[in-house]
Amino acid sequence: FARDQYVTFEPEEIKAMEEAGTHAIDISEFVPIESVDPVYFDKTYYLAPDKGGAKPYALLTEALKQAQRCAVGRWAARGKAYLVMLRPVGDMLTMQQLHFAADVRPATEIEVPKQDVKPAELNLAQQLINQQTSEKFDPAAYTDELRARIQEAIDRKVEGHQISVSDFPAEGGGKVIDLMDALRASLEKADAARASTAKLGPRRAPKRAEQQPAKAGAEQQTAKPSRKAGKR
């Protein structure tokens, strides 16, 4: 509470202040799902109905889906009180643990200099966004490269091989780049790729394998898969 001055508690005093655990989520209100800023999201848990609770579980799930609402409430465990949100995902309920407002620093604490954006710059940025737009987010399209490297190292050690620091890429330093140059380079790369695909045109059907044994053999060898890092 002051420089080099502290308040101390005995273990039993801390224990007395802990939140009593509950076996139920106390729902306080129902709010639109989009009204909860993801900055408050913490951990996510899947909820399943207890014995005899399948009917009310299904009823609440379907009602939340149709109302396009989520339930906000409290839950206590391990001596702590948690702010949580119940939201439907398909036919299942998930409990999204939320940060309390006091735990989240306001964005206004960060000073961002106001800049004028020129129409040409904005148009270039929009072109890049349009070229790399997907209909929805697919988490399976992204892999944890660090986990893959660790798994590869584990596999090599299991096989009796030694590994060294040089086997793994070093971290690159930060580099300030010109955003407009980066946007132009990305667009030019995408345009070049499309132009190359257009020049190739449709492939012709290959001749029978027995007429070209050497070529067929080369194709087979080229198609042989290589060992990928991070295999399971």
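Which residues does Gln 96 touch, not counting residues up to four places away in sequence? The points below work towards the answer and then past it.

1. Basis of the note. This is a predicted model, in which local features need pLDDT of at least 70 and side-chain atom pairs count only at pLDDT 80 or more, while totals for chains, interfaces and linings use all residues. Residues are numbered from 1 along each chain as its sequence is written, and side-chain values use heavy atoms, with hydrogens and water left out.

2. Overall layout. The protein chain has 6 helices and 5 strands, these being DSSP runs numbered from the N terminus (helices H or I, at least four residues; strands E, at least two). Along the sequence they follow the pattern α-β-β-α-β-β-β-α-α-α-α. Of the 232 residues, 15% count as buried, where buried means under 20% relative accessible area, exposed over 50%, and partly exposed in between (1.4 Å probe, protein chains only).

3. Gln 96. This residue lies in strand 5 (residues 92–98) and counts as buried because its relative accessibility is 2%. With residues up to four places away in sequence set aside, Gln 96 touches Phe 41, Asp 42, Lys 43, Thr 44, Leu 83, Val 84, Met 85 and Arg 87, a contact being heavy atoms within 4.5 Å. The side chain of Gln 96 makes a polar contact with the side chain of Thr 44 at 3.0 Å, and it also reaches the backbone oxygen of Lys 43 at 3.5 Å. A polar contact here is a pair of N or O atoms within 3.5 Å; within protein, one must be able to donate a hydrogen and the other to accept it, and residues adjacent in sequence count only if both atoms are side-chain atoms.

4. Nonpolar cores. The largest nonpolar core has 7 residues, namely Ala 71, Trp 75, Ala 77, Tyr 82, Val 84, Leu 86 and Met 95, and strand 3 (69–77) and strand 4 (80–89) each supply at least two residues of this core. Such a core is a set of buried Ala, Val, Leu, Ile, Met, Phe, Trp, Tyr and Cys residues joined through side-chain atoms within 4.5 Å. A second, separate core of 6 residues includes Val 36, Cys 70, Val 72 and Leu 98.

5. Ala 71. Leaving aside neighbours within four places in sequence, Ala 71 is in contact with residues including Ile 27, Phe 30, Leu 64, Val 84 and Leu 86.

6. Phe 1. This residue is placed in the segment before helix 1 (11–17), and Phe 1 counts as exposed because its relative accessibility is 70%.
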